[in-house]
Amino acid sequence: MAMYFSRKGLPLTLVGGEEAYALAPLENAYWLSRGERGRITDRRLAREFPSFRDYVEMAEETKDAEMLRTIKILDSTRNLPQDLARLRQSLTSADAPMVTLCTAHRAKGLEWPWVYLMDDFPDVLSPDLDAEARDQEINLLYVAATRAQEHLVLNEQAEAVVRYMARQRRRLPA
């Protein structure tokens with residue numbers, strides 16, 4: 001989303017600063033996807049993944065949320081270095097942004113008039129998630145949703161949870 005808003009020329013801020021959003025790993029994955037191994041600064045990434053195809057296979061096999069998010073971002077851009085440069089130019093101080101981007105973890109204790117939940121949460125209703133992970137993700141979704149002071153735009157995961165809870169409520173005896 002940060003790249004989307006920066007492409008639109010909107011001033012934005014990243015809660016926690018740029019370093020909190022793993023842009024370097026994203027850039028390294030980009031160079032791996034382009035076969036430019038000499039530009040990869042993360043030696044572990046270069047060592048563990050001979051090719052971007054190997055990276056994608058590992059992400060899909062392990063369902064690693066960060067790796068899958070990285071792949072999704074790389075699929076949405078043709079020139080990540082250019083997009084990152086534009087993003088860095090769009091960053092402004094926390095008191096002047098038009099858009100504030102924040103992870104759900106960093107949102108605790110903060111509020112905004114409008115909150116849009118993005119579709120980067122794992123499927124909390126997936127049978128593949130163990131109960132503890134499901135509870136943590138639902139709690140995180142709750143934290144993100146309760147940051148809205150006036151308007152909340154739900155993502156697919158939040159909508160699915162609401163539908164699921166409504167079905168459960170109908171099944172309960174009165």
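What pattern does the protein follow when it is read along the sequence? The order of elements is α-β-α-α-α-α-α-β-β-α-β-α, which comprises eight helices and four strands. The model is predicted.

**The protein as a whole**

- The protein has 174 residues, and 32% of them are buried.
- Along the principal axes, a box of roughly 65 × 40 × 25 Å holds the C-alpha atoms.
- Of the contacts between residues at least 6 apart in sequence, 65% join residues at least 24 apart.

**Surface and charge**

- The protein has an accessible surface of about 11400 Å². Carbon and sulfur atoms account for 51% of that surface.
- Among the side chains, 24 are positive and 27 are negative. The centres of these two sets lie 3 Å apart.

**Helix 2 and its partner, helix 6**

- Helix 2 spans residues 23-33, and helix 6 spans residues 80-90. Their axes come within 10 Å and cross at roughly 160 degrees.
- Helix 2 is therefore roughly antiparallel to helix 6, because angles over 145 degrees count as roughly antiparallel.
- On the side of helix 2, the residues that meet helix 6 are L23, L26, E27, Y30 and W31. Their counterparts in helix 6 are L80, P81, L84, L87 and R88.
- As a general point, an α-helix has 3.6 residues a turn, so residues three or four places apart point the same way.

**Burial of helix 2**

- The buried residues of helix 2 are L23, L26, N28, A29, Y30, W31 and L32.
- The elements that cover these buried residues include helix 1 (2-7), helix 3 (43-48), helix 4 (52-62) and helix 5 (65-75). Helix 6 is also part of this cover.
- After helix 2 comes G35, which has a positive phi near 75 degrees.

- Leaving aside residues up to four places away in sequence, S90 touches S6, L10, P11 and L12.

Technical notes:
Residues numbered from 1 in each chain as written. Predicted model: local features only at pLDDT ≥ 70, side-chain atom pairs only at ≥ 80, totals over all residues. Heavy atoms only, no water. Helix = DSSP H or I, 4+ residues; strand = E, 2+ residues; numbered from the N terminus. Buried < 20%, exposed > 50% of the residue type's maximum accessible area, 1.4 Å probe, protein only. Contact = heavy atoms within 4.5 Å. Areas by Shrake-Rupley, 256 points an atom, 1.4 Å probe, with all protein chains shown as cover. Lys, Arg positive; Asp, Glu negative; His and termini not counted. Charge placed at Lys NZ, Arg CZ, Asp CG, Glu CD. Axes fitted to C-alpha atoms, helices over the stretch in contact; angles between N-to-C directions. Parallel < 35°, antiparallel > 145°, perpendicular 65-115°, else oblique.
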